[in-house]
Amino acid sequence: METISSATLQTQRQSVATWLLVCCGLVFAMVVLGGFTRLTGSGLSMVDWRPLMGILPPLNDQQWQRVFEMYQQSPEFQLVNSHMDVAGFKSIFWLEYLHRLLGRLIGVVFFVPFVVFVLKGYIRKQEWPKYLLMFILGGLQGLLGWYMVRSGLVDMPQVSQYRLTAHLLAAFLIYSYMLWVALSLLFPADASTARHPLYRKSLAHSAIIIVTNVSGGFVAGLDAGKIYNTFPLMGDGLVPPGLMAMQPAWRNLFENVVTVQFDHRWLALTTFALIVVFWFRARKAGLPGRARVAVNALLHTATLQVVLGISTLLLAVPVLLGVAHQATAMLLLTVTVVMLHALRHAEQ
């Protein structure tokens, strides 16, 4: 059996990690572009799904007219955009087209280098399953995205908040998994690393960050950020009327716009407070360099996210601020994964 030197192995790991980080960057861009597409009302402009044959956009007036006629049969055109002509349709078509094209690009950027790395022996046979899982999850994410869009093409021109949140959560899962594997290649565990005592506490903080992000998905799906555009009060008080108006009670958490905004506000503030407390504890814990940087970044990113969240709310969700808020949620997730990995494999 051929023996691989430690220097060669490190070079191979760095090459695979760089490829995974590029894929992470594309997924990050995909989430941000998806938020921009949703906030500009472009997400229901493409009413069919052709995973293999839908790469090329309409190339002439006849093709544009055909695609526009398909859109005219949708609830969004009939109930919202009945005044729109082909030129106006193009303005909403391109964002959704670019969003789907980026999804296909991610598939190519993942699959082709994977095959190359397998053939060159950089990814060994026992490692294939975790990379194939990434590819399968990516394909299922595409299906889930179309399942989400379909919900807005039936009766009402609005996608299901359940499907939108599932789509967003799946993106978080894929992104976090690829990032964790990349970090494990760049900072492999060995005899000199061990779990830091703060690792368990950091898991609890990470869980509430994810729950807060999920609640943000329901806010987006219901456009709940466009009511009660005041802070800290919601209307005349901290607890608005109609908070638990639906029956059974659990529906309020996911379908009542008042409750969904209320929950997201207090989850976000609670998450921020816990992060501040965690940061003060971490300062006294003698963290190694990588973990210390990650914990500091966690506090800074959480602070930025709170400022953006309040600003987005007060201004009734302008597009650029809304996109920045979603991008910072991804950045906060990134910092969280880096922190978890650094504490899971802390240098002794």
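Visitor: Why is E96 called buried?

Guide: The relative accessible area of E96 is 5%. Buried means under 20%, exposed over 50%, and partly exposed in between, with a 1.4 Å probe and protein chains only. E96 therefore counts as buried. This is a predicted model, in which local features need pLDDT of at least 70, side-chain atom pairs count only at pLDDT 80 or more, and totals for chains, interfaces and linings use all residues. Residues are numbered from 1 along each chain as its sequence is written, and side-chain values use heavy atoms, with hydrogens and water left out.

Visitor: Where is E96, and which residues is it in contact with, leaving aside neighbours within four places in sequence?

Guide: E96 is in helix α4; helices are DSSP runs (H or I, at least four residues), numbered from the N terminus. Contact means heavy atoms within 4.5 Å. With neighbours within four places in sequence set aside, E96 is in contact with T37, S42, G43, S45 and M46.

Visitor: What makes R100 and E96 a salt bridge?

Guide: A salt bridge is a side-chain nitrogen of Lys or Arg within 4 Å of a carboxyl oxygen of Asp or Glu. The closest N and O atoms of R100 and E96 are 2.8 Å apart, and the pair forms a salt bridge. Both residues lie in α4, four residues apart, about one turn of the helix. R100 is buried, as is E96.

Visitor: How many salt bridges does this rule give?

Guide: The count is two. R251 forms one with E255, with 2.9 Å between the closest N and O atoms. These two residues lie in helix α8 (residues 251-255). R251 has a relative accessible area of 27%, so it is partly exposed, and E255, at 23%, is partly exposed too.

Visitor: Why is there no disulfide between C23 and C24?

Guide: A disulfide is a pair of cysteine sulfur atoms within 2.5 Å. The sulfur of C23 is 7.2 Å from that of C24, its closest cysteine sulfur, which is too far for a bond. C24 is in no disulfide either, and the structure holds zero of them. C23 is buried because its relative accessibility is 0%; C24 is buried at 3%.

Visitor: Is G286 buried or exposed?

Guide: G286 has a relative accessible area of 60%, so it is exposed. The residue sits in the loop between α9 (257-283) and α10.

Visitor: What makes a group of residues a nonpolar core, and which members of the largest one touch the most others?

Guide: A nonpolar core is a set of buried Ala, Val, Leu, Ile, Met, Phe, Trp, Tyr and Cys residues joined through side-chain atoms within 4.5 Å. The largest has 35 residues, of which V16, W19, L20, F110, Y131 and M178 touch the most other members. Elements giving two or more residues to this core include α1 (6-39) and α6 (161-186). A second, separate core of 21 residues includes M46, Y71, F77 and A220.
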